[in-house]
Amino acid sequence: MRAILATSIAVTCTAALTLPLALPAGATAPERAATSTTGAARAPSAPAVPDGIPGSTRSLPLHPLRSSDRGAAPGAQGLAAYGVAPFSLVGVVWDDPAAALDGHVQVRTRPVGGTGWSGWQDIQAHDDDAPDPRSSEGRRSVRGSTAPLWVGASDAVELRVVPEHGGTGRAPARRALPAGMHLELVDPGEDSARIRAARTGGQASGAGSPEPPRGSGSLGSVGSALGSLLGVFRIPGVNTPARPRDDDDDPTANSPGTSRPGTSRPPTTARSHVGPRPAIVTRAGWGADERLRERKFAYTRTVKAAFIHHSATGNNYTCGQAPSVLRSIYRYHVKSSGWRDIGYNFLIDKCGTVYEGRAGGVTKPVKGAHTRGFNENTMGIAVLGAFENANPPSSAVSSVARLTAWKLGLYGMDPRTTTSLVSGGGNRFKKGTRARLHVISGHRDGFSTECPGDRLYGKLGSVRSSAARLQGR
């Protein structure tokens, strides 16, 4: 019997050796080279860039609106651009990150191949997800920015920014808009076959139904079948995005110029209450171009709290588009706003799928840029969408509970309690202030903002209870 089993396994493994012949259509030579003859992934010596998804960012300067322009008002700025290269996400940036945009920002777009225009949509004027003042990230060429807005594939845009009234009196003057305002048009690039395979197999537990596989001969589907038979065949980022990546799994972690502090690992004690590790789609799984971000990683000492956000990018996306939304936010944070990487440590889409955000290892205390003044010793989790007036999907709320139960548990934190954090400087707590905050807090708890929206903020009590229950408390 053992001989028969051994023969069967040998035949199966022999079939696995032919897998490079059945790579998804469009796979490039680097993808082939990264797959060893045993079928297991081999870390490349340099950051891998997924095929077919380079993306682009176009920056257009705003100009004063004439009295005849739509939405014209004293001091208003805007532009109209037609027949531009396709884009899917928009935002506005300006020179001084300390300058506030006291105004009303609206945009409308025309879909690719269409003739009609969307209605006017508001862009959140204040992007309160940001690096701490005077932090190492703050010394980069950081710019002020609005929140980004997902508009879908478009090839024409019209924007208007109307300043608010300021001061007092019978006829208060309008506030001046910040200098150097530009409209950013972000194209996330097309999903590659590898990203589609990761999305197909990477739904978090409790998520919505995944899209059907693109062909039975894909590497992801064959690998999954062999994995089910042998229990050992795994391709991170393709058929096992559920396997979170530590620094040891990061192909760039040992590259020259990469910082790996000895304090970056979770504590080895006080870990009796750790929730189950959730499924997490890696950066490779959603197509992060690792050439964009700063090469080195930034770590803090521990993880004492989780700040919950909404991305404010709107709810007009499908779960299948989530990787494109992530790539757009990533490019906007790095190329437009000047941050070292995407600001959030994790992101969750409306179907409950969890994605790795800022690079450096999902188990590590990676320092993000999500809650101005409280990025030290915390993590940021963004639910893709806007939840001031819309209810967050239950699958997304459940994923927030699962993720916090696991990650906070690694650092011995009880989701039901509060913790002490020292402010790095913000509009709610002055620099050096010691604040007592929930271990699972909303962004507004640490910074005066509407984020994560009233409807999502109202769910945090149940998130704390669920996370504690998952930790066995």
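1. Taking a disulfide to be a pair of cysteine sulfur atoms within 2.5 Å, the count for this structure, which is a predicted model, comes to one disulfide. The pair in question is C319 and C351, whose sulfur atoms lie 2.0 Å apart, and the link between them is right-handed, with 95° about the S-S bond. C319 sits in the loop between β10 (305-310) and α6 (322-336), while C351 sits in the loop between β11 (346-348) and β12 (354-356), so the bond ties together parts that are 32 residues apart in sequence. Both C319 and C351 are buried. Another cysteine, C451, has a relative accessibility of 3%, and because buried means under 20% relative accessible area, C451 counts as buried.

2. As to the overall make-up, the protein has ten helices and 16 strands, and of its 473 residues 55% are buried. Among contacts between residues at least 6 apart in sequence, 76% join residues that are at least 24 apart. The protein exposes about 19700 Å², of which carbon and sulfur atoms supply 53%.

3. The largest nonpolar core has 29 residues, and within this core F346, I381 and L408 touch the most other members. At least two residues of this core come from each of β10, β11, β13 (378-383), α7 (394-410) and α10 (460-470), with α7 giving the largest share, nine residues. For L408, leaving aside residues up to four places away in sequence, the residues touched are V303, K304, A305, A306, M379, M413, V439, I440 and Q471.

4. Strand β3 (residues 77-81) deserves a separate comment. Four of its five residues are buried, so β3 is largely enclosed by the rest of the structure. On one pairing, β3 and strand β2 (residues 63-64) are antiparallel and share two bridges, with H63 standing opposite G78 of β3. On another, β3 runs antiparallel to strand β8 (residues 149-163), to which five bridges join it, and here G78 stands opposite R160 in β8.

Conventions: Residues are numbered from 1 along each chain as its sequence is written. This is a predicted model: local features need pLDDT of at least 70, side-chain atom pairs count only at pLDDT 80 or more; totals for chains, interfaces and linings use all residues. Side-chain values use heavy atoms; hydrogens and water are left out. Buried means under 20% relative accessible area, exposed over 50%, partly exposed in between (1.4 Å probe, protein chains only). Two strands pair if DSSP finds at least two bridges between them. Contact means heavy atoms within 4.5 Å. Accessible areas come from the Shrake-Rupley method with a 1.4 Å probe; for residues, only the protein chains shown count as cover. A nonpolar core is a set of buried Ala, Val, Leu, Ile, Met, Phe, Trp, Tyr and Cys residues joined through side-chain atoms within 4.5 Å.
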